[in-house]
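Please read them alongside the model.

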Amino acid sequence: MAFNGHQRDDDTIDEDETPTKQPRSNKEMPGYFRNEPSNEAAAPAGRAASDRRTSNSTTRHRIDSVKKTRPPFPWFGMDIGGTLVKLVYFEPKDITAEEEQEEVENLKSIRRYLTSNTAYGKTGIRDVHLELQDLTLCGRTGNLHFIRFPTHDLPAFLQMGRNKHFSSLHTTLCATGGGAYKFESDFRTMADLQLHKLDELECLIRGVLYIDSVVSSGPSECYYFENPTDPDRCVQRPYTLENPYPLLLVNIGSGVSILAVYSENNYKRVTGTSLGGGTFLGLCCLLTGCSTFEEALEMASQGESTRVDKLVRDIYGGDYERFGLPGWAVASSFGNMMSKEKRESVSKEDLARATLVTITNNIGSITRMCALNENIERVVFVGNFLRVNTLSMKLLAYAMDYWSKGQLKALFLRHEGYFGAVGALLELLHPS
């Protein structure tokens, strides 16, 4: 059975002040250098001086080694999906006067263009609220930017890269997602760029673990909904995703992939479904005439799915309890639309809401079965379907909690659909 999505539509959530997250001190994440404690005070003066010389020499050697191995700027990672292209860009903030003088105009132009705008053309968006500042990568300090645009606008992106002579700075881009294969020839012919194609699942997991590890202030990267079955008490809470294994990672993009992750290098794709974010938007476009994801979600937030769906109580009347089923559960998605009278009484908003509930319930049902089969109690939902989609997140949290009797916890991540692109960036800087 599934949920009808009949919850309060005030999607504003009481979010507690998130405590500062302590970085994982027992690990060196990619691009981080750990400072070992100094024992010079306890050593004889001569040995201390010698140790300092050795330490300075080692440090210089380490820095020189990093300089030789790190790629030239600009640093990008791309995830080219079926609906959206996700791009992460590292903006260095520690550029020296000498570097500034030597920096070619093409590189300056790209940096200025990406960081001085929050919108690119009609559809490109830089998600400023997700920006990670003062991040250290490969020995450099800077800000990590998160940019997205529809995949159908990829030719405009390639033309921009050509106009700014990107190929004079880089000949290869690290990219993942199905589009890395589909559009490989376009990158070569339109922008004179080669794509280093990367495994999508490996990039996803690597990106999730990395971003969660470096977010040490501000809102917690990982969060959940407390009291998800009680709309009046449902609030968002931070969650520390340390010692995360095993976990079920549910990536909701155009379609859905579900991964069982036992360690960073030990994971498998359990299953998936073609009914994902692309299905929701496609059906909404057909049923309501909307044209964007945001417009579809706005309609859904104002609709009532029970006018469209047939519920358990509609079929069993008042005798459903002996079957162990709640009357408000959905028995047949869009089941009421068999009636001409009911078809004529529903609004576009009702249809959008029912479409969202149908897709979300299906994802939740499949996820629960996978969690049971894999004996995993922690479920992490990611992907751009969840962007500005609090309604679906609450439905998923509700479903996991209710049907598992509190055994399954639904977790969510702030950077939703960008983890594949982050994994691609890390591959550029730290080839596996």
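1. Asp-94, Glu-99 and Arg-140 are joined in a network of salt bridges. A salt bridge here is a side-chain nitrogen of Lys or Arg within 4 Å of a carboxyl oxygen of Asp or Glu. By this rule there are 15 salt bridges.

2. The model is predicted: local features need pLDDT of at least 70, side-chain atom pairs count only at pLDDT 80 or more, and totals for chains, interfaces and linings use all residues. Residues are numbered from 1 along each chain as its sequence is written, and side-chain values use heavy atoms, with hydrogens and water left out.

3. Arg-206 pairs with Glu-427 in a salt bridge, with 3.0 Å between the closest N and O atoms. Arg-206 belongs to helix H7 and Glu-427 to helix H14 (residues 419-429), so this pair ties together parts that are 221 residues apart in sequence. Helices are DSSP runs (H or I, at least four residues), numbered from the N terminus. Both Arg-206 and Glu-427 are buried; buried means under 20% relative accessible area, exposed over 50%, and partly exposed in between (1.4 Å probe, protein chains only).

4. Arg-112 forms a salt bridge with Glu-105, and their closest N and O atoms are 2.8 Å apart. Arg-112 is partly exposed at 46% relative accessibility, and Glu-105 is partly exposed at 45%.

5. In the salt bridge between Asp-230 and Arg-233, the closest N and O atoms are 3.6 Å apart. Asp-230 is partly exposed, with a relative accessible area of 22%; Arg-233 is partly exposed, with 49%.

6. A surface patch of negative charge gathers Asp-199, Glu-200, Glu-202 and Glu-264. Patches are made of residues with over 30% relative accessible area and no salt bridge; like charges are joined within 9 Å, and nonpolar side chains (Val, Leu, Ile, Met, Phe, Trp, Tyr) within 5 Å. Glu-200 lies in helix H7 (residues 200-214) and is partly exposed at 39% relative accessibility.

7. Leu-283, Leu-286 and Leu-287 make a nonpolar surface patch of about 290 Å². Accessible areas come from the Shrake-Rupley method with a 1.4 Å probe. Leu-286 sits in helix H8 (residues 277-288) and is exposed, with a relative accessible area of 71%.

8. How many disulfides does the structure hold? The count is 0, a disulfide being a pair of cysteine sulfur atoms within 2.5 Å. For Cys-203, the nearest cysteine sulfur is that of Cys-174, 8.2 Å away. Cys-203 is buried at 5% relative accessibility, and Cys-222 is buried at 0%.

Key
Helices (H or I, at least four residues) and strands (E, at least two) are DSSP runs, numbered from the N terminus. Lys and Arg count as positive and Asp and Glu as negative; His and the chain ends are not counted. The place of a charge is taken as NZ of Lys, CZ of Arg, CG of Asp or CD of Glu.
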